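Hi,

Here is the structure I promised to pass on to you. Have a look at it first, and then read on for my notes.

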Amino acid sequence: MIINSPLIVCLRNILHDETKLSNFEAMDWELIVRQARKANLLSRTAYLLREKKILASLPDKARGHFISALCVYDANVQAYSWEVGQINSVLSEAGVPCLLLKGVAYIESNLMSMKGRVFSDVDIMVPKDQLKKAERALIKHGWITSDLDPYNQKYYRLWMHEIPPMTHLTRHSNLDIHHSILPPTAKLKPDNNKFWESSISLEKNNLYTLSQVDIVLHSATHLFHEGEFDNGLRDLTDLDLLLGEFSIDQNFWVKLLNRAREQGLGRPLFYAMRYSNIFLQTDIPANVLKDIESEAPPKFLVYIMDFLFLRALLPNHVSCSDQWTGLARWILYIRSHLLRMPLYLLIPHLLRKSWMGFFGKKR
Amino acid sequence: MSKISLVDSVIFRLLGDECVTYLGNSGDTHLLDSISAAIINEVKENPLSKDVLFNILSESFESDDETEINLCLDRYILELSSLGILNTEN
Amino acid sequence: MANGLRFKVGDVHISISSTIPEVVEHFEVLYCSYELVDESDFIDFYIQILAPSFFRRFIRPQVNFSFDGFSPFKPLPYSQAAAMFEWGLNWCITTHSHQYLMIHSSVVEKNGEILILPGASGKGKSTLCAALVCSGWRLYSDEMTLISIENGKIFAVPRPISLKNQSLNIIQNFSNDIIFGSTITNTAKGDIAFMKVPEQSLEGVVDDAIPSKIIFPFYKGQSVTHFQTVSKGTAFMQMIENSFNYNALGKTGFEVLSKIIENCDCFNLSYDSLEEAVSGINRLGKK
């Protein structure tokens with residue numbers, strides 16, 4: 001089955017000591033490099049191979065590509081640590097708290113999910129009523145809003161959970177500012193205030209992250225609301241590392257399940273646990289897996305989701321595709337839009353996007 | 001008496017009379033002249049006071065005038081600390 | 001080539017798939033002496049050069065570059081297919097090879113000494129490189145110096161030398177033994193042709209060759225050929241400006257570059273006559 005592709009086997013080994021890598025030959029490593037590159041996992045795989053002291057003994061060519069990816073990771077960490085400092089000093093001055101999300105949060109909190117994690121944007125959340133103040137302060141210090149099309153401005157500001165992406169004029173770094181975890185138009189409606197109430201203050205002034213359970217729920221919700229899965233497997237490895245680290249606290253699972261139910265995010269958590277277990281053999285206690293089944297959809301829908309996700313979460317590489325992969329990705333793309341916006345908003349939005357695309361204008 | 005020292009994350013190479021430095025925090029690289037190179041070379045192991053630096057380096061300056069040399073040395077130290085290369089702690 | 005021709009350039013293993021006649025011809029003329037790679041050997045870069053869609057084979061024909069299923073560029077006119085392979089491969093190497101410090105430069109070798117000629121496009125480095133290669137120097141690359149961050153060695157990736165516009169005529173007049181691929185017209189860089197690499201450059205490289213000179217060439221019409229010594233510090237900063245990935249490599253980049261510069265004599269070279277430039281370089285002498 002495709003799920004036993006060399007990259008998946010490799011990840012299981014370096015995350016959980018599941019299988020031996022010594023049987024891999026040059027061609028297996030070549031496929032691992034190619035699949036990992038496509039899945040944005042080359043740096044993470046390299047990091048974990050080095051940590052397990054396997055990197056030095058790999059065939060030269062494979063090792064060369066992994067070393068290259070580690071250089072990219074190191075440069076990424078340095079650049080974005082600097083960037084977070086710059087953003088926070090602006091927001092701090094403006095009196096706006098800065099809550100870090102995703103990749104930057106992992107790095108600033110020194111979580112295990114920072115290992116080999118490469119990203120191209122800084123994602124932050126600010127309180128909704130301070131959004132304008134934050135945006136003004138950033139503009140004063142050299143950030144600009146990248147998309148100026150009036151329709152897209154409206155799309156973001158009225159319907160979405162983030163303002164249009166910002167870019168720094170001279171550093172060309174990208175910044176996504178969210179005011180909530182999900183769009184206001186989305187079907188699921190977690191209480192955003194609760195995320196703020198439980199947030200953790202980092203040692204550096206004015207910087208926050210979500211609590212441990214909320215980091216997991218955010219990652220799960222984000223992944224299973226996605227329309228494009230170029231980072232799907234990468235996000236699954238994030239979840240694996242997060243769950244592995246946080247569950248050292250034996251009360252973690254209970255807290256996670258309770259929080260998921262409290263915030264109405266049980267369904268994405270069900271999918272997160274199911275697929276990280278299937279793909280990566282993430283260590284989730286049997287009773288927890290049983291418990292979360294109460295959040296599952298009807299059995300027939302689980303079969304359909306398996307059909308879709310067991311394809312879409314694989315690397316988007318020719319060696320991991322079968323005749324149904326294209327269809328599976330397309331269906332999930334439509335699904336993500338339906339999750340984000342009701343039909344009466346979605347249909348005109350998609351029509352407009354197609355119209356603009358047909359005439360070659362920017363989306 | 002304040003002491004002058006090399007910032008922790010700075011590495012440097014002497015190339016002839018000149019010196020190139022790499023700053024670990026910002027990722028910047030600088031090319032520095034012979035006087036800067038001499039200052040960095042002297043403080044790399046241990047912090048030194050300005051007076052000690054003056055005594056070691058005064059012959060490297062073109063001028064004989066002590067006041068001028070002091071002023072010049074001050075300017076170098078200011079420049080190098082504003083670049084993030086030197087610490088001037090109290 | 002439709003199913004993937006597997007070959008090596010220096011230590012880089014490439015698989016190229018294309019059904020476009022111009023690409024096939026480019027390989028038959030310019031890559032015929034390169035070693036093939038076994039089915040069981042590691043391939044670094046899987047490349048496809050294809051028409052982007054059915055319609056685009058016939059209506060304003062275009063060609064697309066794909067790296068293992070990813071297309072980093074917009075399609076180009078069909079006539080530029082061969083050039084697109086070369087430019088695309090440059091992109092593959094410079095984007096995915098950070099196990100090397102990479103300098104935008106030509107690099108040649110003779111008698112165990114490596115000479116690096118940094119410079120952006122248009123300064124004359126490829127023309128000078130071609131002339132040196134025609135005068136007994138081994139080609140390492142006309143486009144980039146690859147310095148291993150693990151051991152400081154320079155890796156050769158000798159590929160056909162890209163020559164533009166007047167340089168084409170100049171090199172054709174310089175030597176009679178050169179083979180060129182077809183001239184590709186109307187590219188963003190003007191008219192281009194690729195010069196075949198002499199077989200001597202493809203034979204085993206000298207394992208302990210080290211860089212001994214860095215020369216920054218400036219073609220300047222109606223001037224006297226002139227070498228001017230450049231301080232190592234100045235050369236260091238100019239190498240950074242010509243580097244693809246010095247900033248990304250951070251402290252490692254600094255240390256690797258330091259070791260290279262410490263062992264090199266550095267010069268600016270302004271020249272009008274290629275012959276004089278080449279003989280001047282030959283006369284600079286062994287270190």
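Predicted model: local features only at pLDDT ≥ 70, side-chain atom pairs only at ≥ 80, totals over all residues.

You will find A:His172 in the loop between strand S4 (166-168) and strand S5 (174-178) of chain A. I picked this residue for its backbone: phi of A:His172 is positive, about 60°, although the residue is not a glycine. For context, most residues other than glycine have a negative phi.

A:Lys53 sits in the loop between helix H3 (42-51) and helix H4 (60-94) of chain A. With 8 C-beta neighbours inside 10 Å, A:Lys53 counts as exposed.

Now to the helix at the end of that loop. How do H4(A) and helix H6 (residues 131-140) of chain A cross? Their axes come within 9 Å, at an angle of roughly 125°. The crossing is right-handed. On the H4(A) side, the contact is made by A:Val90, A:Leu91, A:Glu93 and A:Ala94, and on the H6(A) side by A:Lys133, A:Ala134, A:Ala137 and A:Leu138. Sorted by class, the residues of this contact are six nonpolar, no polar and two charged.

Chain C has a helix pair of its own to look at. Helix H3 (residues 125-133) and helix H7 (residues 274-283) of chain C pack at an angle of about 65°, and their axes are 10 Å apart. H3(C) and H7(C) are therefore roughly perpendicular to each other, and H3(C) passes H7(C) in a right-handed crossing. H3(C) brings C:Thr127, C:Leu128, C:Ala131 and C:Leu132 to the contact, while H7(C) brings C:Leu274, C:Ala277, C:Val278 and C:Ile281. Seven of the residues in this contact are nonpolar, one is polar and none is charged.

Stepping back to the whole of chain C, the domain assignment gives domain 1 (1-96) and domain 2 (99-287). The C-alpha centres of these two domains of chain C lie 24 Å apart. Where they touch, 18 residues come from domain 1 of chain C and 21 residues from domain 2 of chain C. On the domain 1 side, helix H1 (21-30) and helix H2 (81-96) of chain C each supply at least two residues. The largest share of that side, six residues, comes from H2(C). By class, the domain 1 side has eight nonpolar, seven polar and three charged residues.

Is C:Ser97 buried or exposed? C:Ser97 is buried, because it has 24 other C-beta atoms within 10 Å. Leaving aside neighbours within four places in sequence, C:Ser97 is in contact with A:Ser68, C:Met102 and C:Leu146. For a sense of distance, C:Ser97 and C:Ala82 are 15 residues apart in sequence and 23 Å apart in space, C-alpha to C-alpha.

That brings me to the contacts between chains. In one, 14 residues of chain C are in contact with 19 residues of chain A. The largest share of the chain C side, three residues, comes from helix H6 (residues 246-262) of chain C. This side of chain C has four nonpolar, seven polar and three charged residues.

Chain C also touches chain B, with 11 residues from chain B and 12 residues from chain C in the contact. On the chain B side, strand S2 (10-15), strand S3 (18-23) and strand S4 (29-32) of chain B are the elements that give two or more residues. The classes on that side of chain B are five nonpolar, four polar and two charged.

Technical notes
Residues numbered from 1 in each chain as written. Chains lettered and ligands numbered in written order. Domains from an automatic or database assignment. Contact = placed C-beta atoms within 7 Å. Helix = DSSP H or I, 4+ residues; strand = E, 2+ residues; numbered from the N terminus. Nonpolar A, V, L, I, M, F, W, Y, C, P; charged D, E, K, R; others polar. Axes fitted to C-alpha atoms, helices over the stretch in contact; angles between N-to-C directions. Parallel < 35°, antiparallel > 145°, perpendicular 65-115°, else oblique. Left-handed = near helix turned anticlockwise from the far one by under 90°. Buried ≥ 20, exposed ≤ 12 C-beta atoms within 10 Å, placed from the backbone.
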